[in-house]
Amino acid sequence: MQRVLITGARGLLGTPTTQMLAALEGVNVLAAGHGELDITNRQAVQSCLKEFRPDLVINCAAFTKVDACESESDRAEQVNGHGAGIVAEAAAAVNARLIHISTDYVFDGASMRPYRAEDPPAPAELLCAYGRSKLLGERLVQAKHASPLIVRTAWVYGEDGPCFPRTILRLAAERPELRVVNDQTGSPTYAADLAGALVALAQTGATGIVHVTNGGQCTWYEFACEIVRLAGMTTKVVPIATEEYPLPARRPKYSVLDNQKYVEIAGAPLRSWREAIAEFVRSA
Ligand SMILES: NC(=O)c1ccc[n+]([C@@H]2O[C@H](COP(=O)([O-])OP(=O)(O)OC[C@H]3O[C@@H](n4cnc5c(N)ncnc54)[C@H](OP(=O)(O)O)[C@@H]3O)[C@@H](O)[C@H]2O)c1
């Protein structure tokens with residue numbers, strides 16, 4: 001793992017991943033943000049890889065605005081689907097390993113237990129446009145690269161971009177009361193912890209599909225309550241149903257991911273979501 005190219009390197013996940021890899025001795029990181037490398041530009045991606053000759057490519061680039069993906073579904077398909085395929089094809093052409101990031105939104109949320117890495121994703125028609133585009137990306141990555149590692153994660157937050165905890169902290173300071181949905185359950189995941197997991201996985205040479213989130217599960221309402229409590233605020237948080245806060249994209253009601261395969265590969269799970277958000281709020 002001497003030469004690593006990170007795409008989408010200025011985002012929530014790309015930023016801490018870049019920082020952690022760059023801190024390792026003997027690793028030469030090329031951190032390409034959207035401005036430096038557009039993954040939908042096949043020629044640019046191919047030239048970049050031919051020139052840099054990475055041993056490993058980590059594709060953190062994506063169009064992640066879930067609701068905007070509904071009205072801009074072509075863009076979602078181009079970036080999250082075909083762009084991922086372009087990165088995979090270019091990585092294969094220079095014999096680079098590939099870690100591609102995907103999402104819990106490839107599941108429809110009907111499960112009664114955490115989704116395992118081997119569970120089949122939902123039929124595309126049951127997914128929102130973002131989920132469909134990410135599923136297309138998984139399929140193209142598998143088609144264009146002989147042995148990719150696809151890391152599915154969920155509910156990512158961190159220091160390096162807009163995210164749910166920052167929104168809650170801002171709104172809780174502005175308003176006497178927050179209304180937050182209490183019928184979608186998942187696992188909030190701190191980008192810094194996920195970046196550490198990517199570095200660990202990169203060092204093992206694992207391939208296939210792996211789920212990686214912080215431990216435990218909660219609803220968005222429970223997550224918001226914990227954020228407000230940790231910040232020492234008294235803002236009232238009111239649980240509501242998804243129907244009371246309609247958004248363009250359909251979200252899975254339940255998208256907890258089973259991290260067992262990651263534990264087998266890395267030797268230990270990530271810490272619980274409660275520990276992780278406590279650290280985030282302390283440093284916010
Ligand atoms: N955030 C979550 O809750 C979540 C949950 C599950 C999975 N994931 C996955 O985790 C990965 C990392 O996402 P993130 O959370 O770090 O989101 P993020 O903060 O939005 O980062 C994604 C980055 O990709 C860049 N990008 C967008 N279009 C691009 C293009 N055509 N070419 C190159 N770069 C492009 C964005 O740049 P601009 O902003 O300048 O366009 C942004 O810096 C993605 O695969 C995402 O699908 C995220």
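Analyst: We begin with contact: two residues are in contact if their C-beta atoms, placed from the backbone, lie within 7 Å. The model is a predicted one. In this model, the buried residues of H8 pack against helix H6 (164-174), strand S7 (177-181), strand S11 (218-219), strand S12 (236-240) and helix H10 (273-283).

User: Which residues in helix H8 are buried?

Analyst: A residue is buried if 20 or more other C-beta atoms lie within 10 Å of its own. In H8, which spans residues 220-230, the buried residues are Trp 220, Phe 223, Ala 224, Cys 225, Glu 226, Ile 227 and Val 228. After H8 comes Gly 232, with a positive phi near 70°.

User: Which residues of H2 and H4 meet?

Analyst: From H2, Arg 42, Val 45, Gln 46 and Leu 49 meet Ile 86, Val 87, Ala 90 and Ala 91 of H4. By class, the residues of this contact between H2 and H4 are six nonpolar, one polar and one charged.

User: How are H1 and H7 placed, and at what angle do they pack?

Analyst: Helix H1 (residues 14-22) packs against helix H7 (residues 191-204) at an angle of about 45°, and their axes are 8 Å apart. This angle makes H1 oblique to H7. The crossing of H1 with H7 is right-handed. On the H1 side the contact involves Pro 16, Thr 17, Met 20 and Leu 21, while H7 contributes Ala 191, Ala 192, Ala 195, Gly 196, Leu 198 and Val 199. The residues of the contact of H1 with H7 comprise eight nonpolar, two polar and no charged.

User: Let us turn to the loops. Is Asn 95 buried or exposed?

Analyst: Asn 95 is exposed, since 10 other C-beta atoms lie within 10 Å. It is located in the loop between H4 and S4. Phi of Asn 95 is positive, near 60°, in a residue other than glycine.

User: What is phi of Trp 155, and where is Trp 155 found?

Analyst: Trp 155, a residue other than glycine, has a positive phi near 45°. Trp 155 lies in the loop between strand S5 (149-153) and strand S6 (156-157). With 24 C-beta neighbours inside 10 Å, Trp 155 counts as buried.

User: Where is Glu 118 found?

Analyst: Glu 118 belongs to the loop between S4 and helix H5 (129-144). Glu 118 counts as exposed because it has 9 C-beta neighbours inside 10 Å. C-alpha to C-alpha, Glu 118 and Thr 18 are 29 Å apart in space, and they are 100 residues apart in sequence.

User: Finally, how many residues surround the ligand?

Analyst: The ligand is surrounded by 27 residues, of which the closest are Gly 8, Gly 11, Ala 61, Ala 62 and Val 156. Helix H4 (73-93) and strand S4 (97-103) are the elements that give two or more residues to this shell. By class, the shell has 13 nonpolar, eleven polar and three charged residues.

Technical notes
Residues numbered from 1 in each chain as written. Predicted model: local features only at pLDDT ≥ 70, side-chain atom pairs only at ≥ 80, totals over all residues. Near = placed C-beta within 6 Å. Helix = DSSP H or I, 4+ residues; strand = E, 2+ residues; numbered from the N terminus. Nonpolar A, V, L, I, M, F, W, Y, C, P; charged D, E, K, R; others polar. Buried ≥ 20, exposed ≤ 12 C-beta atoms within 10 Å, placed from the backbone. Axes fitted to C-alpha atoms, helices over the stretch in contact; angles between N-to-C directions. Parallel < 35°, antiparallel > 145°, perpendicular 65-115°, else oblique. Left-handed = near helix turned anticlockwise from the far one by under 90°.
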